[in-house]
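Me: I have a chain open and want to go through it piece by piece. Can you take some quick questions?

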Amino acid sequence: MDNGDLLRQLKIDHGQREAVHAAPARWPWIVGAVVLVLLALGAGGWWLLAQRAVAVRTATATAAGDQGESGAILQATGYVTARRQATVSAQITGTLTEVLIEEGDHVRKGQVLARLEDSAYRANLDAAQAGARAAQAQVTQLQAQLAQAQHDAARQDALVDRGLVAKQVAEQAHTQVKALAAQVAAQRKQAEAAQAQAQVAQVNFDYTVVRAPFDGVVTDKSAQVGEIISPLSAGGGFTRTGVGTIVDMDSLEVDVDVNEAYIGRVKPDMAAEAVLDAYPDWRIPAHVIAIVPAADRGKATVKVRVALEAKDARIVPDMGVRVSFLEAKPAAVVQAPRGALVPASAIAQRDGHEVVFVVQDGRVQERRVRPRPMGEQRLLPDGVQPGDTVVVSPPAALHDGVAVEVENKSS
């Protein structure tokens, strides 16, 4: 076969070339399907994220008239204190076998708080009580002998009168009566002493039980079972001086330091208003109890005691507080501004407008407002009603109709 035949065999016919070019290309379809799947997944994820509740913090809108009508003429800072507070301890040294309190427990006067090891005190009490009973039994025995001696003396007197016995026998009988009477009196004294010793043993035994001195709340538990407790301060860290601390919550008041240059403005029974640092939106009515007649040379201040007129479990000792001393209310009644007060952080910007988000049925409603500054709050003449729940510091992604979950609600 020559070279020309070989070239003719390798040549592709025109029909074969058309068959090869006619086969469809599949890769564009595959790429399109992948893009559609990714778009569907993205749309589904966006929908799920849109339906998930947004965690927010909220506050309650208050009426503008609730802020009071009196003006503050002076402000001072201080702390909540308790007039009745006690670190409860035992009156003897001993090892704790029971501690029946925890922080936050409410206790009543006389309630058992702890118990000490009492085996030695119980044995002493039993011995003292047994000695008292034995002494009393001897008194009873001597009283019986005295009664018999008195009867014998009476019979001897009768025999002497009839001349049947000598007068000396009757005198001896009377002497026996006097001797027994003296023994009875002495034994009674011994019985009283034994009873007193039993009472002392009883008191010492009662000291092994630690009881609450008054009604209150346990704020500190400072000892555990197995530790030694002593009313006296002991060296080292092995002896406790108290079981716990009890505070009478009904005795809470505020101690503030007023600059001595302004103390003349403060008067006893003067109206005041207290705001706790922990609850800045909660205004507590108060009044001045007394001005302590002593000044602090270092701080140039005078202590003023202020009574809180509202009792609440949120008020606890050592809380920081700001007290505003109020001037007397004017004779003319000033009409309070209309509208609702909300925290300044509840105001947000959306599309160039100031808005607040009100929570209703688990979702937020966006409302346009015209806030007016009023201290640390904002007065909203319309758009929000007192009692509405508004979102504080709303996230940038929050918009009308979004589902929300309240984390914690401010007062």
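Me: Strand S13 first: how many of its 8 residues are buried?
Reply: In S13 (residues 252-259), 6 of the 8 are buried, so the strand is largely enclosed by the rest of the structure. Buried means under 20% relative accessible area with a 1.4 Å probe, protein chains only. Strands are DSSP runs of E, at least two residues, and helices are runs of H or I, at least four, numbered from the N terminus.

Me: What should I know about the source?
Reply: This is a predicted model, where local features need pLDDT of at least 70 and side-chain atom pairs count only at pLDDT 80 or more, while totals for chains, interfaces and linings use all residues. Residues are numbered from 1 along each chain as its sequence is written, and side-chain values use heavy atoms, with hydrogens and water left out.

Me: Back to S13. In which sense do S13 and S16 pair, and over how many bridges?
Reply: S13 and S16 (residues 301-308) are antiparallel, with 7 bridges; pairing requires at least two DSSP bridges between two strands. Asn-259 has Thr-301 of S16 as its bridge partner.

Me: Other topic. Which strands make up the open sheet of 4?
Reply: The order is S2-S18-S23-S22, with antiparallel pairing. S2 (62-63) and S22 (372-374) are the edge strands, each pairing on one side only.

Me: And how many bridges join S18 and S23?
Reply: There are 4 bridges between S18 (residues 340-343) and S23 (residues 377-380). Ala-340 is opposite Leu-380 of S23.

Me: Now Gln-187: buried or exposed?
Reply: Gln-187 has 7% relative accessibility, so Gln-187 counts as buried. Gln-187 belongs to helix H5 (residues 167-206).

Me: What is Gln-187 in contact with, leaving aside neighbours within four places in sequence?
Reply: Ala-135, Gln-138, Val-139 and Leu-142. Contact means heavy atoms within 4.5 Å.

Me: How much of the chain is buried overall?
Reply: Of its 411 residues, 31%. The chain has 5 helices and 25 strands. Among contacts with a separation of 6 or more, 75% are between residues 24 or more positions apart.

Methods:
Buried means under 20% relative accessible area, exposed over 50%, partly exposed in between (1.4 Å probe, protein chains only).
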